Amino acid sequence: MKILEPSAHAAPPMAGDDTPAPVFSIDDLCAMLAHYLEPEHVDQVRHAYMFGAEAHKGQQRISGEPYISHPLAVARILAEMHLDYHSIMAALLHDVIEDTGIVKEHLTKEFGEEVADLVDGVSKLTQIKFQTKAEAQAENFRKMLLAMTRDIRVILVKLADRLHNMRTLGPMMPDKRRRIARETLDIYVPIAHRLGLNTLRLELEELGFATLYPMRYRVLAEAVRKARGNRKEVLQKITLAMESRLEQEGLTGHILGREKHLYSVYQKMRGKHVSFSEVFDVYAFRIIVEKVDTCYRVLGVVHGLYKPVPGKFKDYIAIPKSNGYQAIHTVLFGPYGVPIEVQIRTEDMNKVAESGIAAHWLYKAGDKSGGAHIRAREWLREVLEMQKNAGNSLEFVENVKIDLFPDEVYVFTPKGKIMQLVRGATGVDFAYAVHTDVGNSCVAIKIDRHLAPLSTALNNGQTVEVITAAGAQPNPAWLNFVITGKARANIRNYLKNLKSEEAIILGKRLLDKALAEVSLSIVTLPEEWVMRLLQDLKVKDLDSLYEDIGLGNRMAALVAHRLIPVDDVANERSRTGIKNVLTRYVPAWLKGGERSASQPLLIKGTEGMVVAFAKCCHPIPGDQVLGFVSAGRGIVIHSEECKNVAEFRNRPEKWIDVQWAPEVTSEFPVEVRVDVVNQRGALATVAAAIAEMGANIDNLQFEERDGKYSTLTIVVEVRDRVHLAKIMRRIRSLDIVARINRTKG
Ligand code: MN
């Protein structure tokens, strides 16, 4: 990898400068790989190159070079990190899915699943676009990228891709250049940092800084160039002093003078509001030693040489940083009072500090055990373990969990805002995450502009749009699939309020009806009677009483009975009247045929959750029906012919006389059983006939009875008996239908 030497700061590392670099060829790449890969693997890499070159044939980069030079350069960056041959192959092929007509299956056949998965992963990352600048957005976007990545090598290929693109920004339009640079600093630099890829990160930072703020970059570079002259002498003096002291103590170490990178100087000046000289006039050294305990001995030596600045000592060996970084940091008062920063670390720690996760491949090059990816996971686990032993940092554990063991999913709103949800969250969860009102009135969702069911689980990177409708209401069935607490609580709450509103309306109707039987009305009754009843029943107001009645917790007739005071002789007749009503409430068939003279309750089908239609007999308008009062649930409507009705014979007080309202407009499910001849397309023919008659199919079951016939059990939504009869006639007329009948509970 190209490492930015301090001298590189003099000229901005702007890409596209005109000096023609010697062309890097596939042979050069193979020669590099031969140092650490088996010959047959190098051959496979060459094969991937040939394939990529063919696929990109005729395509050019903006610079005019053949397109394949870009994947080749990306592969080179990864080869410098000694990545495994699968990653190198994926680098050579990383744009073929996105930019040529080649599909993943083709790559699987040609190069195996591992390489195809890597290329596919990189393509998916390329497809999602970062849109807004807000800091929180950037953080979520980074998480989304990492959450989408099951294989950490996908990120490594993507980062190498971005690095090469940054190096070759030159020929692009200025605003595009700035956009890419901004995205690099906001998204890719922090990811590289998190993975400990410091060398790569520093170069991305310098390139991004130079592109985004060319003036500031030039001014700072110039200031550094001037300051460097004055510093040389001091640097040498300190280096010599430290070297000779280490020698006296019999310690061997490598002392390096270190200069701060321009971007970090710039960030310090901006973030801490300090002057250039305050940031830059710090002399920084790195001492690399062989063994861990030598680090501590070297620390003792330098503290003996110069006085340490209190509060600046940090032991990242005992407590590593979240990306696995280890070293001892200290600050000393140097000669002439200049501050000296010293980092002490071992050779191994230095490799991790420079290459982070990639250092793993560097260490174990040639090790044949296990896949590189598994080894990378191990590395991460080791880092995690290290952290645990060193005394817990919650933040670290959480970061690792979010990024590498994702249990979250990140999706876009149509405006490009990123929403974070629990993995498995559905369209309804998303709608409630946007806003409670959006959730309460959602009717459908679009995922990546295609309509999808509300129950669809969302995936990372999708754009999700909620379609709402005025007057739409949450469906109790949503509770079966939502997984976020917010959605669940809001749906429950809404339904509870709705049910209680509906119960109040029904309860009032029932009580009015009971009172009307004896020619009374709640509005004409003396108010003190009502108040006394509420007190007796310990109910807080009339609405609560209605709600109780509507939910089936109290019988309307009994409440009416108690409304009228016992001691009032004049009302004795009314009380008797209500007693008669009570007996007359018993359905006609229970009393032996004679139907009640009282007015039945009219049912429209729009009463809501307090009036339900029995699933055993599926009553529809036109059927003779009965209501069964069920505590807490309201009224369940059954067909008079339903078998379950007979079972409840012994509880006549629970039955209520009901009748269909004349103007019912809803649709009701009804179950029919159709015997059809076994032949291809039979099911489709029946379904088409139903659709033709303007009815929806709710549910359908198919059961083969014998070699000749099958039985279809269909729940179809109809307006009434007439509608059903027409549908059945239509189905019966089909050649393939042997028999059709309506099922009754
Ligand atoms: Mn690319």
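Q: What kind of model is it, and which pLDDT do local features need?
A: It is a predicted model: local features need pLDDT of at least 70, side-chain atom pairs count only at pLDDT 80 or more, and totals for chains, interfaces and linings use all residues. Residues are numbered from 1 along each chain as its sequence is written, and side-chain values use heavy atoms, with hydrogens and water left out.

Q: What is the mean pLDDT of the protein chain?
A: The mean is 81. Of the residues, 82% reach 70 or more. pLDDT is the predictor's confidence in each residue, from 0 to 100.

Q: Where is pLDDT below 50?
A: Residues 363-375 are one such stretch, with 20 contacts in the model beyond near neighbours in sequence. A contact here means heavy atoms within 4.5 Å. Residues 581-597 also stay under 50, and that stretch has 33 contacts beyond four places in sequence.

Q: How many helices and strands are there?
A: The protein chain has 29 helices and 20 strands. These are DSSP runs numbered from the N terminus: H or I over at least four residues for helices, E over at least two for strands.

Q: And how many of the residues are buried?
A: Buried residues make up 49% of the 745 in the protein chain. Buried means under 20% relative accessible area, exposed means over 50%, and partly exposed is in between (1.4 Å probe, protein chains only).

Q: What share of the contacts join residues at least 24 apart?
A: The share is 68%, among contacts between residues at least 6 apart in sequence.

Q: On to the metal. What coordinates the manganese ion?
A: His70 (NE2), His94 (NE2), Asp95 (OD) and Asp161 (OD) do, at 2.2 to 2.5 Å. Donors are N, O and S atoms within 2.8 Å of the metal (3.2 Å for Na, K and Ca); water is not among the atoms, so sites may look incomplete.

Q: What spacing do the donors follow along the chain?
A: The spacing is H-x23-H-D-x65-D. Within it, His70 and Asp95 link distant parts of the chain, 25 residues apart. His70 is in helix α3 (residues 69-80), and Asp95 is in the loop between α4 (85-92) and α5 (96-99).

Q: His70: buried or exposed?
A: His70 is buried, at 1% relative accessible area. Asp95 counts as buried too, at 7%.

Q: Switching to packing. At what angle do α2 and α6 pack?
A: Helix α2 (residues 39-55) and helix α6 (residues 104-111) pack at about 150°, with axes 12 Å apart. Axes are lines fitted to C-alpha atoms, for helices over the stretch in contact, and angles run from 0 to 180 degrees between N-to-C directions.

Q: Which residues meet there?
A: From α2, His47, Ala48 and Phe51; from α6, His106, Leu107, Glu110 and Phe111. By class, the contact has four nonpolar, two polar and one charged residues. Ala, Val, Leu, Ile, Met, Phe, Trp, Tyr, Cys and Pro count as nonpolar, Asp, Glu, Lys and Arg as charged, and the others, Gly among them, as polar.

Q: What about helix α16? Which of its residues are buried?
A: In α16 (residues 347-355), the buried residues are Met349, Asn350, Val352, Ala353 and Ser355. Gly356 follows the helix, with a positive phi near 50°.

Q: Which residues other than glycine have positive phi?
A: Asp448 is one, with phi near 45°. Arg449 is another, at about 70°. Asp448 lies in the loop between β9 (442-447) and β10 (450-452), and Arg449 has its place in the loop between β9 and β10. Asp448 is partly exposed at 39%, while Arg449 is exposed at 74%.

Q: Where is His638, and what is it in contact with?
A: His638 is in strand β15 (residues 634-639). It is buried, at 6%. Leaving aside neighbours within four places in sequence, its contacts include Cys616, Cys617, Phe628 and Asn644.

Q: Last one, Val677. Where is it?
A: Val677 is in strand β17 (residues 668-677), and it counts as partly exposed at 24%. Val677 and Ser710 are 33 residues apart in sequence and 6.4 Å apart in space, C-alpha to C-alpha. Beyond four places in sequence, Val677 is in contact with Ala682, Lys708, Tyr709 and Ile736.
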